[in-house]
Amino acid sequence: MAYFAQAQKKDLPALTALWQTCFGDEAMQINAFWRALWQDIRVFAAYEGKTPVAMLCALPTALVNEAGESFPAAYLYAVCTAPQQRNRGLCGALLAYAENALQKEGCSFAALVPSSKGLFGFYQKFGYQTAFFHKEYTVSAKKGTAKITKLDADGYQNLREMQLYGAFLSYPLPLLQWQASAGAGLFRIETEAFICCCAAELAGERLLCKELLPDCPEAAAYLAEKLRCREALVRTADGQTPFGMVKPLGNISVPGAAYLGLAFD
């Protein structure tokens, strides 16, 4: 019979193998994630004997509501179950275990990003509501006169939160530092009309703007040109495409429409 617990550092090789099986990422990439963030996150797992067969990472964040009030939240990441252990209810039971532990620690919300459209209905069964929306489009690279500067995590955090209004997920410095190290970098892009922030990653000749704030297609096009990309895939706020879900871990109301931004996908 499976049991649930917070994972320990000795479990890392098995957790890495489970992650690889479920998501196909390289061990080097996963191990870099553990090294960068293990001290800042919580990892919960379902075990058969001493072997983890399901897992999730709880990344520390805060959910800021429309009134500007900030509540501790956990972004649940890398939620997975070993293929041979599926259809046993382990994921739902692990979610409940983690949510209970997080609530006892003062966490008000749990958020997650389903990896496919079909999983929105799956997580809805466990009390998650679609609350995070975005806009996504592609622009071709082009030369421009924008001033482009690389930012550290602290500079990016400050500029990002100056750009956001309404409800949004706020990220602490360790998560932004991870995004900076795992991608092409965090950027300030100053055009004639806007001062933007962008978290970027490279995918061959395509630039992935994991978030661009505010929405400025020219800024993405200029950054793509600077980084020698053919085009940029942009994610930004103020869209209507469902992107993430949230569950209250108490009696606080869920925002009707919020922005999540970085998904670490």
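A contact here means heavy atoms within 4.5 Å. Among contacts in the chain between residues at least 6 apart in sequence, 69% join residues at least 24 apart.

This is a predicted model, in which local features need pLDDT of at least 70, side-chain atom pairs count only at pLDDT 80 or more, and totals for chains, interfaces and linings use all residues. Residues are numbered from 1 along each chain as its sequence is written, and side-chain values use heavy atoms, with hydrogens and water left out.

**Whole chain**

Start with the chain in cartoon view: seven helices and 13 strands, taken as DSSP runs numbered from the N terminus (helices, H or I, of at least four residues; strands, E, of at least two). The C-alpha trace spans about 60 × 40 × 30 Å along its principal axes. Colour by burial next; 52% of the 265 residues are buried, where buried means under 20% relative accessible area, exposed over 50% and partly exposed in between (1.4 Å probe, protein chains only).

**Alanine 167**

Select alanine 167, in strand E8 (residues 167-170). Alanine 167 is buried, at 5% relative accessible area. Leaving aside residues up to four places away in sequence, alanine 167 touches Val64, Asn65, Glu66, Pro255, Ala257, Ala258 and Tyr259. Tyrosine 259 is 92 residues away from alanine 167 in sequence, with a C-alpha to C-alpha distance of 6.4 Å.

**Lysine 135 and aspartate 215**

Move to the salt bridges, each a side-chain nitrogen of Lys or Arg within 4 Å of a carboxyl oxygen of Asp or Glu. By this rule there are 14. Select lysine 135 and aspartate 215, whose side chains form one at 2.7 Å, N to O. The two are 80 residues apart: lysine 135 is in strand E6 (residues 129-140), and aspartate 215 is in the loop between strand E11 (206-213) and helix H7 (217-226). Both are partly exposed, lysine 135 with a relative accessible area of 32% and aspartate 215 with 25%.

**A salt-bridge network**

Now select arginine 235 and glutamate 136, a salt bridge with its closest N and O atoms 3.5 Å apart. Arginine 235 lies in strand E12 (residues 231-248) and glutamate 136 in strand E6, so the pair ties together parts 99 residues apart in sequence. Arginine 235 is buried at 13%, whereas glutamate 136 is partly exposed at 43%.

Lysine 210 is buried at 3% relative accessibility, and glutamate 201 is buried at 14%. To finish, select Glu136, Glu201, Lys210, Arg235 and Asp265 together: salt bridges that share partners join them into one network.
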